[in-house]
Amino acid sequence: MPHDVDIAVVGGGIVGAATARALGTHAGDHVLLEQFELGHARGSSHGTSRIFRLNYPDERFVRLAQAADTAWRELEDERGVRVIDRIGALDLGPEATETGRALAACGVQHQTMTATEVMARWPLRLDADESAVFQADGGLTHAAAAHTALVDSAREAGIEVRDRTPVRSLVLGRRSVKLELDRGTLSARAVVVAAGAWASAFLTPVGVELPVVPTRETVVYLDAGEAGAVPPVIDYARLPAQGEGGISRVGQAAYALGAPGVGLKAGLHHSGPVSEPDVDDEPDQAIVEWVSRWARSRYKGVGEMIRAETCLYTNSADETFVLERHGRIVVGSACSGHGFKFAPVVGRTLAALAREAAG
Ligand SMILES: Cc1cc2nc3c(=O)[nH]c(=O)nc-3n(C[C@H](O)[C@H](O)[C@H](O)COP(=O)(O)OP(=O)(O)OC[C@H]3O[C@@H](n4cnc5c(N)ncnc54)[C@H](O)[C@@H]3O)c2cc1C
């Protein structure tokens, strides 16, 4: 039986878009299928901005971020757009020491700064005994611009992009995979499932168990004043006390970054409840209040909350990514709340696995 396409990518978030672009650099008929409109706000890739950073306490992520840095720069050159404002990234608190160690081990230039040095340079408040690690290649990714650049690049390379096209199920054949759509079917030599928080439910029927759990995280946008221009901050030092203000998960770090055109975007990493992707939950008010207080205490000049929203994390146990091939199916789950920055390298890996799967 002839195949309709060589490789189908299911999911048009940042991972699917990056995979489609990477497929476009090789010959073949490939298609990207997204259930909603491109750029929708129901998954993990929406919102104004994302932190780009080499700052990780784990050397594996530092090296992956270095590769991603190169890949984003290539995309920027190709499209003639700026995707990342390279204004640096700051880690505060005890883990910053580990970040400095990992950066040094990877040969990445960085600066350990005292509280006085930090406060002289940016409108931030640190206690006298706190220090920070600043790394200059980090910055703020324009999320929608990054997604658009990847999709445009994929389209230009001949990839067909179909949005509002949910894939209802997969049927495994000996030489192909059938994708059941609302109108008809599509057969492909290989399928990449980059379906974010929807992936588990989609993969279980074809015998692939994904060791991930989706959570719904609350994000707050605040009036920023000068704070919008401060490098993205990850604050490992100040976390809520257990049960404070009704917060059920205290999270791992508070973070904030500029939200171009809005103000300051802030959140409490890994504080959201386990959730289903199609449940339309509201932002968690306890998190909204704690994060707003944290931002006003850390930054000078941060004002009123503008709005809050939710966004899905798809979490693995150790925050690493699932990039696997199961016969003709390739699975790409790269989130745990920090996957955006790695998308171009993750996309290349998934595209390579898919070409192998397509035979
Ligand atoms: C609040 C928040 C803050 C974050 N901050 C950062 C940060 O600062 N830095 C960073 O690097 N990362 C960050 N992340 C993580 C990053 O955004 C995610 O890792 C990334 O967006 C995951 O992309 P994805 O393509 O896997 O998922 P998604 O964007 O959810 O894409 C999956 C897509 O698959 C589609 N789909 C699902 N099922 C089907 C189907 N059956 N048929 C067709 N389409 C389907 C969905 O509609 C969706 O569009 C953050 C995430 C959140 C939520």
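This is a predicted model: local features need pLDDT of at least 70, side-chain atom pairs count only at pLDDT 80 or more; totals for chains, interfaces and linings use all residues.

Colleague: How many disulfides does the model contain?

Modeller: A disulfide requires two cysteine sulfur atoms within 2.5 Å. For Cys-335, the closest cysteine sulfur is in Cys-311, at 7.3 Å, and is therefore too far for a bond. By this rule, the number of disulfides is zero.

Colleague: Is Cys-335 buried or exposed?

Modeller: A residue counts as buried when its relative accessible area is under 20%. The relative accessible area of Cys-335 is 13%, so Cys-335 is classed as buried.  Cys-106, at 10%, is likewise buried.

Colleague: In which order do the three strands of the open sheet lie?

Modeller: The edge strands, each of which pairs on one side only, are β3 (49–52) and β4 (84–85). Strand β8 (residues 139–142) pairs with β3 in the antiparallel sense over four bridges. The order is β3-β8-β4.

Colleague: Which residue in β8 is the bridge partner of Ser-49?

Modeller: β3 and β8 are joined by four bridges in the antiparallel sense. In β8, the bridge partner of Ser-49 is His-142.

Colleague: What angle does the direction of helix α5 make with that of β8?

Modeller: Helix α5 comprises residues 143–156 and packs on the sheet, where it touches β3 and β8. Its direction and that of β8 make an angle of about 55°.

Colleague: Which residue has a side-chain N or O atom 2.9 Å from an oxygen atom of the ligand?

Modeller: There are 36 residues around the ligand, and those that come nearest are Glu-34, His-40, Ser-45, Ile-51 and Cys-311. Backbone N or O atoms of Ala-334 and of Phe-340 each lie 3.1 Å from an oxygen atom of the ligand. The side chain that places an N or O atom at 2.9 Å from a ligand oxygen belongs to Arg-50.

Colleague: Which residue does the side chain of Thr-99 join through a polar contact of 2.8 Å?

Modeller: Thr-99 has its place in helix α3 (residues 95–105), and it counts as buried because its relative accessibility is 0%. Beyond its neighbours within four places in sequence, Thr-99 is in contact with residues including Asn-55, Tyr-56, Pro-57 and Val-133. The polar contact of 2.8 Å joins its side chain to that of Asp-91.

Notes. Residues are numbered from 1 along each chain as its sequence is written. Side-chain values use heavy atoms; hydrogens and water are left out. Buried means under 20% relative accessible area, exposed over 50%, partly exposed in between (1.4 Å probe, protein chains only). Two strands pair if DSSP finds at least two bridges between them. Helices (H or I, at least four residues) and strands (E, at least two) are DSSP runs, numbered from the N terminus. Contact means heavy atoms within 4.5 Å. Axes are lines fitted to C-alpha atoms, for helices over the stretch in contact, and angles run from 0 to 180 degrees between N-to-C directions. A residue is near a molecule or strand if one of its heavy atoms lies within 4 Å of it. A polar contact is a pair of N or O atoms within 3.5 Å; within protein, one must be able to donate a hydrogen and the other to accept it, and residues adjacent in sequence count only if both atoms are side-chain atoms.
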